[in-house]
Amino acid sequence: MKNGIISLLSLSVLVGISGCNSDSDTIDYGKKASSYLVEIADEVEGIGAREASTPEEAAMGNWLYDTLTGFGYDVEVQPFTYQKGDKLLSSNNYIVEKQGASEKTIVLAAHYDSTGSDHGSLGATDNGAGVAAAVAIAENLMQETLPYTVRILFPGAEENGLNGSLHYVRQALAHNQLDNVIAMINYDTVGGGDYVYVHAAHSDYAEYQSTCEKLGLTESDYNSQTHIRDAMLQASIDVKGEDGKYTVHPAFPGYPEGETGSWSDHAGFACAGIPIAYVEATNFNINGEYGFDGYSQTTNPNAWDCYDAENKTACDRDTESKWGKIWHTELDRLDKLEELFPGRVDQQLSNNVNIVLRLLTTGTYIDEK
Ligand SMILES: [Zn+2]
């Protein structure tokens with residue numbers, strides 16, 4: 001009881017000093033993200049696996065619609081179809097927007113489908129974590145006065161070809177809805193891995209060319225500027241200090257410092273000329289199945305047949321089957337993750353929410369180029 005009184009007192013002192021009185025200051029949106037993650041990725045208490053274009057993905061979409069509507073948003077449902085082999089499949093994007101003082105707009109995206117359910121994945125980190133964090137951010141933004149307009153996009157069917165985000169970009173280009181967009185932040189697997197990185201798009205257009213061509217775009221449309229990544233890095237330093245800041249990976253063969261490939265929803269935006277920042281939790285220091293590409297997420301021995309710590313790779317590259325991957329495997333479940341890394345995912349979620357909230361509610365991070 002005594003502790004409770006003291007913490008309440010110190011909290012009111014803090015609130016007094018900051019000069020803010022709104023209720024949202026007393027709510028921990030990082031913790032809220034953790035509870036949303038249970039609703040998303042726990043197969044008993046929540047939805048569980050949600051493969052693209054299945055009833056479970058649709059259930060996840062309905063959860064997003066209801067939850068975001070509950071916060072007071074007008075939720076835009078954007079249906080789309082896409083070809084997968086000889087099948088025409090369908091899914092939805094969900095979009096909400098909070099008006100800021102400026103029409104200039106920052107897009108935050110987090111795909112809500114998952115994959116690997118045949119291996120036991122429930123999509124806890126890929127991408128339950130990104131969705132949970134984006135939902136908690138959406139909830140808080142409703143209480144805030146914003147310098148920039150913020151549009152939050154939840155693409156469907158990412159895992160089988162970036163279908164939702166490419167449809168969104170195609171439509172947005174056709175209706176001039178990207179004209180005011182000055183930045184895009186992609187949340188895909190923002191927890192689980194050993195480090196939480198922030199990347200920019202690749203400086204070599206060839207890495208994105210095949211994606212850009214799907215949108216009818218060319219090299220002259222492409223944007224690989226790094227200032228949104230750098231703004232995110234600065235916000236992370238201001239919120240978490242040097243010890244808790246986002247990691248920018250050093251240069252590896254094929255991946256110059258702090259740059260990433262086209263395998264997630266940021267790609268279509270970079271193709272369309274929007275500077276991006278992509279947050280993902282992984283471990284670029286591992287010489288994984290295809291080299292230093294960030295696909296091996298952890299050195300945890302349970303994620304390897306045998307990890308050779310000295311050489312940062314598999315003990316036997318020919319026989320290794322796990323390669324330190326969490327995403328799309330039986331390890332991407334809340335129960336397994338808690339066993340492997342007690343407290344890690346909650347901490348990474350909370351950090352992500354607080355860093356991006358700082359960036360979105362402060363007008364000084366983004367240097368508009
Ligand atoms: Zn993903």
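1. In this predicted model, helix 4 (residues 124–141) and helix 10 (residues 344–361) have axes that come within 10 Å and cross at roughly 40°. The crossing of helix 4 past helix 10 is right-handed.

2. On the helix 4 side, the contact is made by T125, A129, A133, A136, I137, N140 and L141. Their counterparts in helix 10 are V345, L349, V353, V356, L357, L360 and T361. Sorted by class, this contact has 11 nonpolar and three polar residues, with no charged ones.

3. Helix 10 lies across strand 3, strand 4, strand 5, strand 6 (195–201) and strand 8 (276–282), at about 175° to strand 5.

4. The sheet is open and mixed, with eight strands in the order 1-2-4-3-5-8-6-7. Strand 1 (76–84) and strand 7 (259–260) each have a single partner strand and stand at the edges, so one side of each lacks a neighbour in the sheet.

5. Strand 1 pairs with strand 2 (residues 87–98) in the antiparallel sense, over nine bridges. Q83 has L88 in strand 2 as its bridge partner.

6. On confidence, the mean pLDDT of the protein is 93, and 93% of its residues reach 70 or more. Over residues 1–21, pLDDT stays under 50, and the model has five contacts beyond four places in sequence for that stretch. Where pLDDT is low, predicted coordinates should not be read in detail.

Terms used: Residues are numbered from 1 along each chain as its sequence is written. This is a predicted model: local features need pLDDT of at least 70, side-chain atom pairs count only at pLDDT 80 or more; totals for chains, interfaces and linings use all residues. Side-chain values use heavy atoms; hydrogens and water are left out. pLDDT is the predictor's confidence in each residue, from 0 to 100. Contact means heavy atoms within 4.5 Å. Axes are lines fitted to C-alpha atoms, for helices over the stretch in contact, and angles run from 0 to 180 degrees between N-to-C directions. Helices (H or I, at least four residues) and strands (E, at least two) are DSSP runs, numbered from the N terminus. A crossing is left-handed if the near helix is turned anticlockwise from the far one by less than a right angle, and right-handed if clockwise. Ala, Val, Leu, Ile, Met, Phe, Trp, Tyr, Cys and Pro count as nonpolar, Asp, Glu, Lys and Arg as charged, and the others, Gly among them, as polar. Two strands pair if DSSP finds at least two bridges between them.
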